Amino acid sequence: MKEYEFQGRAWTITENGTGTLVPDVDTDQIFHNAYLHITDIDKMGQYTFDNLEGWKDFSKKAEPGDIVIAGSNFGAGSSRQQAVDCFRALGVKVIIAVSFGAIYKRNAINSGFPILIFEDAEKMVAGNKIQNLNKVKVDLLKGELVNLETGESFGLTPFSKVQKDIYESDTLLNI
Amino acid sequence: MTKQTVIEKIFQNHSKEEIKAGNIVWITLDVVSARDFGGPNVVKNYMKAYKDAAVFDAKKVFFTFDLTVPPKTIQYANNQQICREFAREQGISVYDVDQGIGTHIFMESGHALPGTIVVGTDSHMNILGAVNCFGQGMGDVDITFGYRFGRTWFEVPHTVKVELTGKTGYEYSAKDLTLQILSVLKTDKLLGKAVEFYGEPVEKLDLAGRITLLSMITEMGGIVGFIPFNENTPKEIMALNKMDSITPEIKADADAGYAEVIKIDISNMGPMVSEPPYPHNVKKISEIGNVKVDFGFIGSCTNGRLEDIEIAWKILKGKKIAPGVRLAVVPSTRKVYEEAMDRGMLQDLLKAGAIISNPGCGGCAQGHIGMTGKGEVMVSTGNRNFPGKQGDGKNYLVSPEVVAYSVLNGYISFEPKEN
């Protein structure tokens with residue numbers, strides 16, 4: 001039985017010392033092309049965000065069960081699967097963003113990694129409705145994010161059918 | 001029958017399902033490829049999921065090694081060898097480390113033709129829009145499935161129509177036009193969408209110019225772009241592929257449904273530059289002041305065609321680049337390299353002070369032709385200038401003309417010809 005509900009700490013990927021979610025985080029900032037020779041997923045986690053200003057120590061601080069909240073066009077740029085797999089390696093459960101790069105979105109869906117769209121994320125993070133490391137709950141099917149520290153809930157775009165089908169099978173390759 | 005855009009029609013020819021923007025449909029694939037980045041991961045996934053089952057069609061499946069060519073570390077060498085061994089077992093062709101950029105090879109070898117669908121582990125696969133082909137970059141899981149079954153699911157993208165008008169007071173490059181368009185569309189207008197460009201400023205572009213513009217649809221967040229062929233485009237495609245005829249261009253229906261129509265007037269455009277740290281951080285060169293240059297790069301899938309090298313050659317022939325400045329030239333493919341050599345361009349560029357590299361993704365992929373150090377300024381004909389991508393230095397994206405003038409003068413510059 002696949003899990004559709006997660007509780008964990010939310011990392012809000014903001015610009016240094018501000019409440020602004022970083023837009024257009026490119027795959028070279030998520031997983032730099034210097035490490036593209038790596039094909040073993042267990043070795044990918046340590047490089048997550050190591051080229052994103054202010055977040056270079058993310059891999060040391062992240063814990064299994066964490067949730068990532070990011071800005072618009074997250075995962076822009078290259079087609080590298082490692083930019084999705086590195087989060088899986090760290091035990092991150094779900095990435096929520098204002099929008100995703102088109103290829104990144106496919107890569108996450110096809111490898112059965114949960115991602116959800118949160119159109120209002122910028123406003124809610126800027127308004128401190130969700131703060132870095134708040135405890136949150138995410139429901140993939142309902143499309144809901146609840147800040148467990150305040151009880152406030154927010155609407156996300158729920159899983160699409162293809163996303164659910166692939167998630168159920170773990171990966172596109174089992175379909 | 002509903003009126004359709006170019007991408008909808010191409011999908012329709014590859015699917016039994018109803019093609020409508022927003023629908024998720026299954027489409028067949030004409031070519032499925034993987035590079036030396038992504039390729040070994042594909043092999044690993046494939047062996048795990050499908051063991052020794054044959055790929056869907058060995059004639060339609062390829063490896064293209066273009067990133068770390070030749071391999072600079074043992075790890076990359078091992079990765080390429082993993083792909084070669086899989087290719088031998090499966091009877092798949094490999095465009096090896098001596099051949100150049102995969103997407104460009106597909107446009108020179110009869111694989112990417114009007115109306116086809118070509119996918120690979122290259123986010124600039126959408127360059128193939130230049131030959132009216134739907135090119136799509138994909139990750140290794142996607143490509144593994146494509147290798148095995150020759151099909152994939154796709155959410156039919158909405159299409160944006162961009163109409164260009166206006167005349168400029170100088171002979172602008174395709175890169176100037178591209179950066180001008182990027183400065184208007186940024187990364188949100190096309191996110192997840194296809195785009196069709198119309199109007200004289202784009203329709204007059206030659207194939208190399210179309211490649212420049214359509215390669216940077218990726219930096220605009222878009223899926224793929226198309227420009228209606230002009231009377232020369234089919235001839236250029238035939239000449240490049242040494243073919244006597246090609247399949248006809250797929251055109252949009254006159255009243256196809258567009259998500260948005262955007263008009264862009266280029267009258268005010270000047271020589272453009274994309275300032276770090278983002279490609280869409282576009283300015284006119286006249287607005288950035290005096291920026292000293294340390295390193296110039298001409299090449300990449302965006303500006304690595306013979307026409308691009310020729311532009312730089314005409315400016316640099318018989319001259320010397322400024323003292324202390326370096327220049328690297330990387331032809332996109334072996335064919336481009338040979339033609340540039342036969343016409344004496346590489347010799348003249350070498351004498352002007354350039355480093356001439358073997359064909360491939362050098363200049364964008366990490367390591368080859370070098371990186372920049374802290375404080376260094378690079379002018380590049382590439383397509384990305386994200387922090388850290390090319391090293392610790394600053395990377396300005398410009399046209400081949402601007403790279404040539406900048407390495408001559410020692411600062412970012414352009415010298416206009418009268419139009």
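Two residues are counted as being in contact if their C-beta atoms, placed from the backbone, lie within 7 Å. What we are looking at is a predicted model. By that criterion, 32 residues from chain A and 38 residues from chain B take part in the contact. On the side of chain A that touches chain B, two elements give two or more residues: helix 1 (27–30) and helix 4 (102–110) of chain A. Helix 4 of chain A supplies the largest share, 5 residues.

I turn now to the interior. The largest nonpolar core has 189 residues, and those with the most contacts inside it are A:Val68, A:Ile69, A:Ile96 and B:Leu128. In general, nonpolar side chains in soluble globular proteins tend to be buried together.

Let us follow A:Val68 into its strand. Strand 2 of chain A, residues 67–70, is covered on both faces: A:Ile67 and A:Ile69 are buried on one side, A:Val68 and A:Ala70 on the other. Strand 1 (residues 5–12) of chain A runs parallel to strand 2 and is joined to it by 3 bridges; here A:Val68 is the bridge partner of A:Trp11. Strand 3 (residues 94–97) of chain A also runs parallel to strand 2, with 4 bridges, and A:Val68 has A:Ile95 as its partner there. Together with helix 3 (residues 82–90) of chain A, strands 2 and 3 make a right-handed β-α-β unit.

Finally, in chain B, the residues that B:Leu128 touches include B:Phe106, B:Met107 and B:Val118, leaving aside residues up to four places away in sequence.

How values were computed. Residues numbered from 1 in each chain as written. Chains lettered and ligands numbered in written order. Predicted model: local features only at pLDDT ≥ 70, side-chain atom pairs only at ≥ 80, totals over all residues. Core = buried A, V, L, I, M, F, W, Y, C linked by C-beta atoms within 7 Å. Buried ≥ 20, exposed ≤ 12 C-beta atoms within 10 Å, placed from the backbone. Pairing = 2+ DSSP bridges. Right-handed = clockwise from strand over helix to strand, strands pointing away.
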